[in-house]
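Dear colleague,

I am handing over the structure we spoke about, and I would be glad if you could look through it with the notes below beside you.

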Amino acid sequence: MEITRRRLLVLLPGAAVAWKFVLAGTPEAAPNYKLTEHWWAMLIDIPKCIGCGSCVRACAEENDVPEGYFRTWIERYHVADWKIERPEVESPDGGKNGFPPHADDGGKNFFVPKLCNQCADSPCTQVCPVGATFITPDGVVLVDKSYCLGCRYCIQACPYGCRFLSPKTHTAEKCTLCYHRITKGLTTACCEVCPTGARQLADLKNPKDPIHEFLRTHTVQVLKPHMATGSKVFYNGMDGSVR
Amino acid sequence: MYPNEVELQWSILIVLYPFITGLVAGAFILASLERVFRVEAVKPTYRLALLTALAFLLVAPLPLQLHLGHPERSFEMYLTPHRSSAMAMFGFVYLWYLMGVLLLEIWLDYRRDIVVLSQTERGWKRLVYRVLTLGSRNVSERSLGIDERLGYFITLVGIPSAFLLHGYVGFIFGSIKANPWWSSPLMPIVFVFSAMVSGISAVMLLYMLSTRLREKEIDMRCLDKIAQYLLYTFVIDFSLEMLDLLQRIYEADESFRSLDFMVHTRLWTSQVIVQILLGTVTPIGLLGLTQILRLSDIARKRIYGLAGCLTMIGIFAMRWNVVIGGQLFSKSFLGYTTYKMAFATREGLLTAIALMILPFIILWILVKLLPPWYESDSSPGSGSAPAHGTS
């Protein structure tokens, strides 16, 4: 193909976009990754979350999440005085584009990022009729979309509303904790872009992981502990109104 | 709402699934009254009840199949079932009930007729009946006696199986701890009794309709007995549902405010008006009247017809309120969604109507192939339907 000046002008912007990916590089393969040496979890530091929505956007881009569905999202809580059982919660477009300012009426406001809790005793895994949803030996709940029937029993069984039926594949979909990244030594897309470090990937089997020190020294909770799902997403500084 | 909850996952087809399965279990239990408990009065409906159960059982998996994102993979539930899944195990419960109970019982009950018809019919019908004999053409007294004993044993096994079938459907919902509207140990029991109510009511209506279509007289002794059983079962079913409700109201746990709001708004018509007032209290009252007052045959027939229809509407509403109602509120108990039923889609209203018509077409074919009545039925109050082993 002959490169003319006009054609070059058309090609250059494309090349510029491609270069961005060249610079980002191919994630390093991890041939020595041993499934049984890890037990993945996540720490959410609520006081650090500013509700910018970067994590939601990064997740959607990284995982090609269908429009209108969410593998992760952010909720803004507004608790007026003592009405801890009746908080006002909003999540416009999953918090993807941040939140509009909230009128200051004396209550407290805070953001709560949500994602699959990667439960050790996950109800979704329990109810899947064919075992298409499963827990990996390193503690991540995944869906085999080549096997999922699309019966949606798992969506009903998840207490946290983390699953949806993909309109593209007609199978159940959810956060994979960026399994394609973490098994190659990278962190998740949401953790990578979080400007305040409100989200941190943690390996509970790694004794050097700072999560251990953090869990020992902070008041940490999981969502809906009465559900006894063995949730592995830990929340620091979580208000009692969060559900 | 959690943002992924806005869309309802289980549509009207999943409402049909427990409704149809309930009719199967209820019809079979009515049939077993005659076979096991020797309630002679309901004998005219015995075979009709079995054929009704079969017609509906054959359709029962279709709503599930149509609802799946990947229907072509559904057989994986049998090939590689996940043993901890209530849904996976239902496949086996269904298969057991179809192959191990219902088909076997119908075949044993009709075997003599099938053998006779395979010799007297002509053309393609003869071929069909010959296939249905499964090569067993021995209709000696001894072999019919074996059929009778085996049939009795299968019905005996069939009763807990029918309970299991629909109790298990209740378990599929009742075991979802994430959903307080469903999660209740009473759910399987309520499902079993509501199944009996709907099945008995359906067979009663079908018996009345078929007798009228055949221009025969209704056996009032039989109809009165069925209506009596319908009333008793309905009272138990209603009491259980009210117990569940009372428990929820008194406990008033974290989900109560959300569920209470839902019942008073989105489910007011379908639950309070249609299910409880129109579909439960009214038919119970009507059936109760027939027990208290001395009414004429015509009046009783009309009351039974009306009560039966209302019962069917009430039980359908109950399934609707369980399945759809259980998805209208957020698991965060902060927010509600709505169900917008599609019309001409795979999971739409048109499909649901077609699926509800299909069992009646199958029943019509079954009745043509295996007539469940005899001319001697016609004399009212005779109770002269064929006795087992001699029919």
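Predicted model: local features only at pLDDT ≥ 70, side-chain atom pairs only at ≥ 80, totals over all residues.

Chain A has 243 residues, of which 42% are buried, and its secondary structure comes to seven helices and eleven strands. Taken along the principal axes, the C-alpha atoms of chain A fill a box of roughly 70 × 45 × 40 Å. Among the contacts in chain A with a separation of 6 or more, 66% are accounted for by residues 24 or more positions apart.

Two residues of chain A deserve a look at their backbone. A:His170, which is not a glycine, has a positive phi near 60°, and this residue sits in the loop between strand 7 (164-165) and strand 8 (172-173) of chain A. A:Leu177 also has a positive phi near 60°, again in a residue other than glycine, and its place is the loop between strand 8 and helix 5 (179-182) of chain A.

In chain B, helix 8 (residues 187-213) packs against helix 9 (residues 220-251) at an angle of about 155°, and their axes are 9 Å apart. Since an angle over 145 degrees counts as roughly antiparallel, helix 8 of chain B is therefore roughly antiparallel to helix 9 of chain B. The crossing of helix 8 of chain B past helix 9 of chain B is left-handed. Helix 8 of chain B contributes residues including B:Ile189, B:Phe193, B:Val197, B:Ile200 and B:Met204 to this contact, while those from helix 9 of chain B include B:Leu223, B:Ile226, B:Leu230, B:Phe234 and B:Asp237. By class, the residues in the contact between helix 8 and helix 9 of chain B are 15 nonpolar, three polar and three charged.

Finally, the contact between the chains involves 34 residues from chain A and 29 residues from chain B. On the side of chain B that touches chain A, the elements giving two or more residues are helix 4 (76-79) and helix 5 (86-120) of chain B, and helix 5 of chain B gives the most, with three residues. That side of chain B has 13 nonpolar, eleven polar and five charged residues.

With best regards

Terms used:
Residues numbered from 1 in each chain as written. Chains lettered and ligands numbered in written order. Contact = placed C-beta atoms within 7 Å. Helix = DSSP H or I, 4+ residues; strand = E, 2+ residues; numbered from the N terminus. Nonpolar A, V, L, I, M, F, W, Y, C, P; charged D, E, K, R; others polar. Axes fitted to C-alpha atoms, helices over the stretch in contact; angles between N-to-C directions. Parallel < 35°, antiparallel > 145°, perpendicular 65-115°, else oblique. Left-handed = near helix turned anticlockwise from the far one by under 90°. Buried ≥ 20, exposed ≤ 12 C-beta atoms within 10 Å, placed from the backbone.
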